[in-house]
Amino acid sequence: MKNLSLKIKLVFITFFSLIILATVLASISVVNMEDALKNESYSKLTSARDSKIKQVNTFFNNRTSDIAILSRNNDLINLTKFLDKQIKEKDLTSDDTYPTSSYSIKKVVEKYQEFLQNYIEVYAYYDLYIISKKDGYVMFSAAQESDNGENLSQGELKTSGLAQAWRKAKELKRPVFVDMRPYEPIADTPAMFLAAPIYVNGEFKAVLAFQLSNSSINDIMKFKKGYGKTQEDYLVGSDNLMRSDSFLDPKKHSLEKSFEEPKTGVVKTKAIKEVFAKNKPNIEIIKNYNGQEVLSAYSPVKIDEGLKWAIVSEIEL
């Protein structure tokens, strides 16, 4: 009987040991599975972030190439030469606007208008400007908005993004970007500018400027093929306002809404703070702009010297 009792005890010990072992193995398996899923999420999110960085860099590099090539175009140089001569011939002063409606000027401009309007349509720019170097006259605008003919050194637009681009191109004598800010001629919609010198017979005579299309940048950030339902990518400036539209919260965190109502459209998450404080990429679990817990992969993206945005790829947990 004692031997039987001992055997029963051994059976029970073995049985419970196996149960404990199975439980431990199951727990390890669950942990390993969770780690694998977490690593997969990390990998997918960093891949999405890095892919968007490449696309954004390519976009801005292409825009720099566009303006460098067009600034050397013979038709553009000939038009610039003619427009610049009119300043002296019409005895314009710094208090004047440029006479874009003058018959003699319109007659010549018409020869180039179709080419330059087609250019901004094909290359997806909102507008294209030729600005006199010395006086800041907007001598030509392809879109012919209210800024056409304005004086950027003295007029109402002297503190605008376009005026800043004109001054920066004059100072640095290279293609330059100016960050988004509300622009009055287009109903205070945020506008970004790219500008570069125009040389006539080797002399710096004018500035060529592009107003970039916001939709071109949004198209890059909104592409979501292969994404989860709560995954999104977006851009934020150093002012903590959006530079692209949020997919998950377009009512408050679109580009335009962010600038219109900065109190609700501002983004001051840990991701944004770290990008501008530490200037390096990272991925971690944080709370997003709506206070929801997300896995966030973020990084700085350099647009120009002194101009940097934060790029963020996130998915809700």
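A: Going by DSSP runs (helices are H or I with at least four residues, strands are E with at least two, numbered from the N terminus), the protein has nine helices and nine strands. Keep in mind that this is a predicted model, where local features need pLDDT of at least 70, side-chain atom pairs count only at pLDDT 80 or more, and totals for chains, interfaces and linings use all residues. Residues are numbered from 1 along each chain as its sequence is written, and side-chain values use heavy atoms, with hydrogens and water left out.

Now the pocket. The largest pocket holds about 300 Å³ of space, a volume being the space filled by probe spheres set on grid points joined across faces, edges and corners. A pocket here is an open set of points on a 1 Å grid over the protein atoms alone, where a 1.4 Å probe fits, with protein on both sides within 12 Å along at least five of seven lines; lining residues have an atom within 4 Å of a point.

Its lining comes to 13 residues, with D84, I87, K134, D135 and K205 nearest the centre. Helix α2 (74-89) and strand β5 (203-212) each put in at least two residues, and α2 gives the most, with five. By class, nine of the lining residues are charged, three nonpolar and one polar.

As for the whole protein, 46% of its 317 residues count as buried, meaning under 20% relative accessible area with a 1.4 Å probe, protein chains only.

Conventions
Nonpolar A, V, L, I, M, F, W, Y, C, P; charged D, E, K, R; others polar. Buried < 20%, exposed > 50% of the residue type's maximum accessible area, 1.4 Å probe, protein only.
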